[in-house]
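Subject: The two-chain model, with notes

Hi there,

Here is the structure I promised to pass on to you. My notes on it follow just below.

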Amino acid sequence: MTELLKVQVVKVGIADMNIIKPPYTIRTSGLGSCVGVVIYDEKKEIAGLAHIMLPDSSLAKSGQINVAKFADTAIKELVQILVKEGARMPFLKAKLAGGAQMFQFASEGDLMRIGPRNVDAVRKELSDLRIRVVAEDVGGNSGRTIEFNLNDCLLNIRTVTKGTKNI
Amino acid sequence: MSFIEKINPFQLDILKEIGNIGAGNAATALSAILNRKIDMNVPNVRIVSFDEMMEMAGGAEHVVASVFLRMEGDASGSMFFILSLPVAEYLIRKMTGDETFLIDSAPYTEWALSCLQEFGNILSGSYLSSLSDFTRLNIYPSVPSLSIDMVGATISYGLLELSQVSDTAIVIDTVLEKDQLFADSINGHFFLLPDPEFFDIIFSALGVSPND
């Protein structure tokens, strides 16, 4: 029992990333249009999670950027950190969740449909790096809280209106 | 250095006054709808990280009813009117006269949502029209949109414009409360999240040099 209680959760904020090894789990809360990407090496028991806000770092209007905020820079950086920590590039897999459309607007600016654009950007970046997406739960109009567990490599997804599930 | 760090205390006071006037008008409107006294706190103007912003509304996972609209015209930004679920329920009951209404779970009835959206519309409309009068700028609200979901999922929309230039936000936060009816201290929040260009426009409209 005490072993179980020792299980610790690493929390990832908005436009943030981190990695875990056992016995930790990793979680991020309140994904709306943002996309949560988990990249992991099952055998080496290492996983990383990025909470991505925007699709492309070319959207940045200031010099110094937070790499965790953009799909293109966040995924590259996360993979680099994982590999440095012992993950093997060809064995990396990814799971993603988020990219919802929380509000319906009559006049749809580009930023208002950011959810689907984030998802597309994440998929493209992963495919450029030849990382296979093994499961995903994207789109819709619900916020999601996700938590990834290295024991079974399942991503737990909780929503307010549609309950919880594992992918 | 990000534009936000250049804001000086005098300019922060002006932003606070904007929150004061705007939310004051909105509180008056709310008080008229409910025919009750509404208390308002002195607005808080805070420079926060995105995560801290979520904490101000109860935490990223906290479920709230939020009415979101864009402020458009000469100066732009995002505006949220955020209610905890018990307060949303209370407002719907008062507005419709149906004292048995419960906001327990989805799917929410359409008229209840429409009712809340109208609340948001009236309150943010009065907030922005007073801001517009005060600055003599042409500022108007977009059609509001409502979501009952996690704070993190909804507020991040208001941060999109800002997130392209900065990792911090200036939040003008005003809390509305109805005299001690709710034990819950989070009653109604107005969040005004100006877009980056907002500040220079507002300050020069008010005759304050941006670089004072």
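Ala65(B) sits in strand S3 (residues 63–73) of chain B; helices (H or I, at least four residues) and strands (E, at least two) are DSSP runs, numbered from the N terminus. Ala65(B) is buried, as its relative accessible area is 2%. For that word I use these cut-offs: buried is under 20% relative accessible area, exposed is over 50%, and partly exposed lies in between (1.4 Å probe, protein chains only). Setting aside neighbours within four places in sequence, Ala65(B) is in contact with Phe81(B), Ile82(B), Leu83(B), Leu85(B), Ala88(B), Leu116(B), Ser147(B) and Ile148(B), where contact means heavy atoms within 4.5 Å. Cys115(B) is 50 residues from Ala65(B) along the chain, and their C-alpha atoms are separated by 12 Å.

Before you read on, two notes on conventions. This is a predicted model, in which local features need pLDDT of at least 70 and side-chain atom pairs count only at pLDDT 80 or more, while totals for chains, interfaces and linings use all residues. Residues are numbered from 1 along each chain as its sequence is written, chains are lettered from A and ligands numbered from 1 in the order in which they are written, and side-chain values use heavy atoms, with hydrogens and water left out.

Staying with chain B, have a look at strand S8 (residues 188–194): seven of its seven residues are buried, so the strand is largely enclosed by the rest of the structure. Both of its faces are covered, with Gly188(B), Phe190(B), Leu192(B) and Pro194(B) buried on one side and His189(B), Phe191(B) and Leu193(B) buried on the other. Strand S4 (residues 77–84) of chain B runs antiparallel to S8(B), and seven bridges join them; two strands pair if DSSP finds at least two bridges between them. One of the residues involved is Phe80(B), whose bridge partner in S8(B) is Phe191(B).

There is also a record to go with this chain. UniProt, in an unreviewed entry, places the feature "domain: CheC-like protein" at residues 10–45 and 112–148 of chain B. Its positions are given in the numbering used here, feature names are shortened, and annotations may be inferred rather than shown by experiment. In the model, residues 10–45 of chain B are 69% helix and 14% strand, and the end C-alpha atoms are 12 Å apart. Residues 112–148 of chain B are 65% helix and 19% strand, with end C-alpha atoms 12 Å apart.

Now to chain A. Its secondary structure comes to three helices and 10 strands, and along the sequence the pattern reads α-β-β-β-β-β-α-β-α-β-β-β-β. Chain A has 167 residues, of which 51% count as buried. Of the contacts in chain A between residues at least 6 apart in sequence, 61% join residues at least 24 apart.

Side chains of opposite charge can pair when their charged atoms come close. Over all chains, the structure holds 15 salt bridges, each being a side-chain nitrogen of Lys or Arg within 4 Å of a carboxyl oxygen of Asp or Glu. Among them is the pair Arg27(A) and Glu147(A), whose closest N and O atoms are 2.9 Å apart. Arg27(A) lies in strand S3 (residues 25–31) of chain A and Glu147(A) in strand S8 (residues 144–149) of chain A, so this pair ties together parts that are 120 residues apart in sequence. Arg27(A) counts as buried at 19% relative accessibility, whereas Glu147(A) is partly exposed at 21%.

Another salt bridge links Asp137(A) with Arg144(A), with 3.0 Å between the closest N and O atoms. Asp137(A) is buried at 14% relative accessibility, and Arg144(A) is buried at 5%.

Which residues meet in a salt bridge of 2.8 Å, N to O? They are Arg158(A) and Glu61(B). Arg158(A) lies in strand S9 (residues 154–159) of chain A and Glu61(B) in the loop between helix H2 (50–56) and S3 of chain B, so the pair joins two chains. Arg158(A) is partly exposed, with a relative accessible area of 29%, and Glu61(B) is partly exposed at 22%. Salt bridges that share partners join Arg27(A), Glu147(A), Arg158(A) and Glu61(B) into one network.

Happy browsing, and all the best
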